[in-house]
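Walk through this model with the coordinates open.

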Amino acid sequence: MQILIIGGFGYIGSQLLESLAAHETYRNYDIVVVDNWSYGRGMAPLQALFESRLPHFRSFCLDFSEPGDDTFRDLVRTSDFIINVASLTQVPSTNLHEKYIIDGVRTLTGLLTAEGSGRLRKVIDISSTSIYGPVRTRMPEVAPPYSEQVYPDPAIALHNYAASKLIAEKIWQSEHCRGLPFTVFRLSTVFGYAVGMRYNQFVNQFLVDAAAGRRTVLPGSPDNIRPFVHIRDTAELMLHLLDHKPETNGEILNIGAARLNPRLGDLFERLAALLRNEFGLKPDYGFAAELGLPTLEESYQVDFTKFETLVKFPLRHDFESGARELVTRVLGRA
Ligand SMILES: NC(=O)c1ccc[n+]([C@@H]2O[C@H](COP(=O)([O-])OP(=O)(O)OC[C@H]3O[C@@H](n4cnc5c(N)ncnc54)[C@H](O)[C@@H]3O)[C@@H](O)[C@H]2O)c1
């Protein structure tokens, strides 16, 4: 059995590899990472780490959006499970999103349909709840919480990252892909410690800055409402879907929980209190809109009913447990 992880040396990919290494069955599968090493120096230590932790691990430095790559074609043909977590998430607007997200999914689905998918048991692709960004202001007739039926026109997306995710979703839903065992996650913003952690996003950035004694300027304003999900819940959910729940095939799912979809002002007050009370830290932060700085205001309350009823996978981690673990690691008290 072979599991192919595209973009496997990123934040979510690194936790997926950790979770696979801890899994009684999957750890013995052939695990293959394809990653174009977009972020350079962080990648080599991950490669060495998982070569030592997983008995049958291989990795290839290549750009999966390039059609005609023989190595990638062979890996797709021989994989039982494929998880695509490739994107340039550090950059909200770059024309590389069209190449890496849209062309990437075109190349992957093209190979899956051309080569036949006899061996393929599951493919998971990741969209984002940021596709809901323009709904509040540009589609005021749609009442929150937003379900998967809401599909904003990519032309009104807040950035070309979200526009590219919306177009990629349409490719999966096209006639061409009918019958493929795919599930697309509209994933909430991820937080929490992982060996390949990203720092440049909301919760992680706030926690790391506070531990380092730095001020954080958070995007948007305190009244914005945003959904989050813990990194380990994200990775374990992906593994759970690999050999379970064929009823999720062909589906797009909002991934998160109502209790993890707070008003940002309330969330950061809670986290700041935890850092003060439990770690003696003095978090210093402000929201860009309040400070008069240019910022994108994204605010959306998401409906997770379909995920909860179809998958019934408990999201075990909350903001407090995730924050405690991350700050303990950063402060070296683990
Ligand atoms: N982290 C989040 O909060 C979040 C939320 C919603 C959706 N997502 C989506 O989940 C996926 C993973 O997110 P992440 O936080 O791990 O991102 P990340 O930026 O940490 O990792 C992405 C990885 O993909 C690789 N990559 C990029 N383009 C590639 C290409 N053309 N070929 C091969 N490899 C390529 C990069 O080198 C990197 O290692 C992305 O699709 C992202 O859009 C993430």
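Trp37 is partly exposed, because 16 other C-beta atoms lie within 10 Å. The classes rest on counting other C-beta atoms, placed from the backbone, within 10 Å of a residue's own: 20 or more is buried, 12 or fewer is exposed, and in between is partly exposed. Trp37 sits in the loop between β2 (30-35) and α2 (43-53). Its phi is near 55°, a positive value in a residue other than glycine. Most residues other than glycine have a negative phi, and most peptide bonds are trans.

Two conventions apply throughout. Residues are numbered from 1 along each chain as its sequence is written. The model is predicted: local features need pLDDT of at least 70 and side-chain atom pairs count only at pLDDT 80 or more, while totals for chains, interfaces and linings use all residues.

Lys312 also has a positive phi, about 50°, and is not a glycine. Its place is the loop between α10 (305-311) and α11. Lys312 counts as exposed, because it has 9 C-beta neighbours inside 10 Å. The peptide bond from Pro144 to Pro145 is cis, with omega near -5°.

Now zoom out. The protein has 11 helices and 11 strands. These are DSSP runs numbered from the N terminus: helices are H or I with at least four residues, strands are E with at least two. The radius of gyration is 19 Å, close to the 20 Å that the globule rule gives for 334 residues, so the protein is as compact as a globular protein of that length. That radius is taken over C-alpha atoms, and the rule is 2.2 Å times the number of residues to the power 0.38. Along the principal axes, the C-alpha atoms fill a box of roughly 55 × 50 × 35 Å. Of the 334 residues, 44% count as buried. Among contacts with a separation of 6 or more, 82% come from residues 24 or more positions apart. A contact means that two C-beta atoms, placed from the backbone, lie within 7 Å.

Helix packing comes next. How do α4 (residues 96-114) and α6 (residues 160-173) cross, and at what angle? Their axes come within 8 Å and cross at roughly 10°. Axes are lines fitted to C-alpha atoms, for helices over the stretch in contact, and angles run from 0 to 180 degrees between N-to-C directions. α4 and α6 are therefore roughly parallel to each other. The angle classes are under 35 degrees for roughly parallel, over 145 for roughly antiparallel, 65 to 115 for roughly perpendicular, and oblique for the rest. On the α4 side the contact includes Ile101, Ile102 and Val105; on the α6 side it includes Ile167, Ala168 and Ile171. By class, the contact of α4 with α6 has eight nonpolar, four polar and three charged residues. Here Ala, Val, Leu, Ile, Met, Phe, Trp, Tyr, Cys and Pro are nonpolar, Asp, Glu, Lys and Arg are charged, and the others, Gly among them, are polar.

Helix α11 (residues 319-330) meets α7 (residues 202-212), with axes within 10 Å and a crossing of roughly 40°. α7 and α11 are therefore oblique to each other. The contact uses Asn204, Leu207, Val208 and Ala211 of α7, with Ala323, Leu326, Val327 and Val330 of α11. Its residues divide into seven nonpolar, one polar and no charged.

Helix α9 (residues 264-279) also packs with α11, at about 45° with axes 11 Å apart. This pair is therefore oblique too. Leu267, Arg270 and Glu278 are among the α9 residues that meet α11, where Phe319, Glu320 and Arg324 are among the partners. The contact of α9 with α11 has eight nonpolar, no polar and four charged residues.

Finish in helix α8 (residues 231-242), which holds Leu242. Leu242 counts as buried, because it has 22 C-beta neighbours inside 10 Å. Beyond its neighbours within four places in sequence, Leu242 contacts Phe81 and Lys122. Asp233 is also found in α8. Is Asp233 buried or exposed? Asp233 is buried, because 25 other C-beta atoms lie within 10 Å. Leaving aside neighbours within four places in sequence, Asp233 is in contact with Leu315, Arg316 and His317. Asp233 and Asp318 are 85 residues apart in sequence, yet 9.9 Å apart in space, C-alpha to C-alpha.
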